[in-house]
Amino acid sequence: MGILEVKDVSKRFGGLKALSDVNLSVAQNTCHAIIGPNGAGKSTLLNCLVGKLIPDTGSVMFDGQSVLGRSPHEINQMGISRVFQTPEIFGDLSVFENMMIPLFARRDGAYRMHAYESVASEKELVSRALQMLEDVNMADKRHMHAASMSRGDKRRLEMAMCLIQEPKLLLLDEPTAGMARADTNNTIDLLRQIKDSRDITIAIIEHDMHVVFSLADRITVLAQGTPLVEDVPERIKGHPKVKEAYLGETAHA
Amino acid sequence: MFGLEKKDLNLLIIVALLTMLAPFILNPFPTDSALAQFNAGYPDLMQRFVIYGIFAIGFNILFGLTGYLSFGHAAFLGVGSYSAVWMFKLLSMNVLPALVLSVIIAGAFSWLIGFISLRRTGIYFSILTLAFAQMSFALAYSVLTPITNGETGLQITLDDPRILGMSATADGSIPVTNIFGLEMRAATDLVIGPWSFTFSVGYYLCALVMLVAFYLSIRIFRSPFGMMLRAIKSNQTRMNYTGLNPKPYTLAAFVISGMYAGLAGGLLACMDPLAGAERMQWTASGEVVLMTILGGAGTLIGPVLGAGMIKYFENIFSKINEATLHSWFDVLPDPMENGLVWVLEHFVGAGWHLTLGVIFMLVVTFLPGGLVEGGQRIGRLFNRTKAAKDDESAATKPAE
Ligand SMILES: Nc1ncnc2c1ncn2[C@@H]1O[C@H](COP(=O)(O)OP(=O)(O)OP(=O)(O)O)[C@@H](O)[C@H]1O
Ligand SMILES: [Mg+2]
């Protein structure tokens with residue numbers, strides 16, 4: 001039994017079958033990559049895991065509990081954090097504040113309110129936020145308005161916000177898209193290091209094969225809403241079905 | 001000190017000084033001079049400055065931080081006033097229990113309205129609050145006459161029970177509001193040469209309450225709760241996927257701002273113990289929105305400035321009439337005088353709303369951050385000229 005078990009999940013948008021009978025099992029403390037051409041349904045699958053969408057059929061179990069019917073904040077509190085394909089950060093807040101909010105969410109739960117003591121007085125959380133910013137090389141940007149940063153920086157910030165929550169399952173939707181090569185490599189190093197140093201399961205959607213093959217323990221190839229193959233990276237590389245799926249895409253484009 | 005950062009503490013001290021010295025600051029013109037009509041240092045007006053300041057400070061906690069624009073906050077102001085007057089009727093003329101009840105009732109009432117209205121966001125939320133406020137107004141105006149005394153308004157009378165006080169004073173008149181015997185209307189005049197300054201108990205009570213309200217709002221702004229409220233305004237999606245439920249936070253902000261409104265309403269009744277339904281009308285709700293935006297939504301001091309500005313215009317510009325204008329432009333040739341007066345008279349007296357509208361338009365267009373942004377720009381201008389001078393002196397020094 002994996003920490004995440006997706007069984008027979010289907011999702012329709014009107015006439016479009018975005019997901020049909022998807023089965024996926026992600027083992028604990030592994031990194032599972034989901035690849036596939038544009039429009040394959042990768043993001044839709046993640047949406048079904050975090051409560052953004054409810055699948056038409058099938059079940060999604062996390063850590064032995066069903067996530068279906070739970071609201072996004074409850075699912076996060078179960079231990080799932082997600083980085084979105086288009087960065088979702090608190091643009092009007094400073095980078096530092098962006099790091100503090102997930103820390104409060106993890107420590108205090110979904111709606112505990114501290115309205116009297118200042119944010120700055122939470123010494124322990126402040127130092128953790130600063131440490132995390134050091135780890136992702138953003139310490140010098142901590143006073144910046146998050147919205148004024150580059151797309152790559154926004155992604156790194158969003159990932160740091162998820163990592164600081166120490167989730168059991170981290171979902172990454174194209175975390176390196178729009179990043180400079182050097183930042184991509186930093187991200188790979190960071191994820192590797194986190195994977196090795198603590199209990200974390202990662203599911204990553206990525207178009208950059210360098211990232212995929214650097215991180216993934218297993219890979220699922222999704223095309224037109226159905227998983228084509230699932231295997232270890234070495235055997236995915238030369239797999240004829242995979243070539244077909246991607247060639248099909250280039251032929252369309 | 002007070003658990004505040006240096007910058008916030010300085011702001012608090014400045015506001016405290018300004019409010020404590022307001023009787024001087026707002027009365028710069030000698031009593032008999034022609035400009036005396038621009039003096040704002042009389043108790044009645046100063047009280048309104050700080051009371052509406054409280055109203056706007058509270059409103060800013062909701063609107064400035066979360067971005068939820070309520071068009072119904074006057075309902076809580078009105079509820080506060082009614083609660084206070086009932087306390088004067090039933091318990092005693094002491095303002096303290098009246099204020100406590102105002103805050104509690106307004107808090108409960110805003111919880112109810114907030115709970116329902118916050119099921120929607122954006123314009124639908126605004127419309128819901130507006131609808132509830134208009135319903136409250138209608139209820140107060142007619143349906144609930146036994147409680148609100150309908151269109152006449154709720155007043156204190158000689159045969160109210162006042163179980164802890166007295167129904168009537170020894171000489172048979174209605175007792176006045178007080179705090180442990182110190183009457184709200186008690187005042188002393190200080191005459192220095194041609195100037196005259198009035199210090200009233202009522203104003204200083206309101207000012208102290210405002211300072212406490214302002215202090216608490218600073219703490220809320222700097223707290224994790226305040227940060228969450230700004231996060232709600234910034235990105236509710238991220239909020240949800242970070243494991244936070246925005247609803248309880250917005251509801252808490254709504255109730256807190258409702259309690260501030262109730263406090264302001266209670267104070268209005270303490271200064272003048274009557275409450276009427278018109279206090280709940282939508283124009284009053286709109287006014288606090290204008291105050292907050294004019295001063296600078298989401299800033300600490302902005303709402304207070306906005307409230308002061310609007311109340312100043314309401315009272316001073318509305319008092320200027322055609323005759324005043326004629327006396328000002330007496331020196332001009334008659335046709336010019338008449339023409340000028342003809343134009344300007346539309347902007348004063350009952351037409352003061354027109355002036356306010358023009359100012360509001362200018363501020364929103366050129367200073368989206370309100371008066372506070374104006375202040376910051378001026379500040380930066382000074383800093384830049386200063387910095388430029390420093391540069392110059394630095395550049396010239398080596399040459400010397
Ligand atoms: N909310 C929605 N409503 C309607 N159609 C949708 C919705 N979300 C996704 N789709 C459609 O479902 C299909 C799968 O979309 P999805 O975003 O999951 O693809 P993807 O694999 O993430 O692609 P990409 O690599 O471009 O991100 C697409 O055809 C898309 O247009
Ligand atoms: Mg996608």
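These legends accompany close-up views of a predicted model. Local features need pLDDT of at least 70 and side-chain atom pairs count only at pLDDT 80 or more, whereas totals for chains, interfaces and linings use all residues. Residues are numbered from 1 along each chain as its sequence is written, and side-chain values use heavy atoms, with hydrogens and water left out.

**View 1. The shell around ligand 1.** Ligand 1 is surrounded by 13 residues, the closest being A:N38, A:K42, A:S43, A:T44 and A:Q85, where a residue is near if one of its heavy atoms lies within 4 Å. An oxygen atom of ligand 1 lies 2.7 Å from an N or O atom in the side chain of A:S43, and an oxygen atom of the ligand is 3.2 Å from a polar backbone atom of A:A40.

**View 2. A salt bridge between two loops of chain A.** A:K168 and A:D63 form a salt bridge with their closest N and O atoms 2.9 Å apart, the term denoting a side-chain nitrogen of Lys or Arg within 4 Å of a carboxyl oxygen of Asp or Glu. A:K168 lies in the loop between α5 (151-163) and β7 (169-173) and A:D63 in the loop between β4 (57-62) and β5 (65-66), so the pair ties together parts of chain A that are 105 residues apart in sequence.

**View 3. A salt bridge within a helix of chain B.** The side chains of B:R48 and B:D44 meet in a salt bridge at 2.4 Å, N to O. Both residues lie in helix α3 (residues 43-66) of chain B, four residues apart, about one turn of the helix.

How values were computed:
Chains lettered and ligands numbered in written order. Polar contact = N/O pair within 3.5 Å; in protein donor to acceptor, adjacent residues only side chain to side chain.
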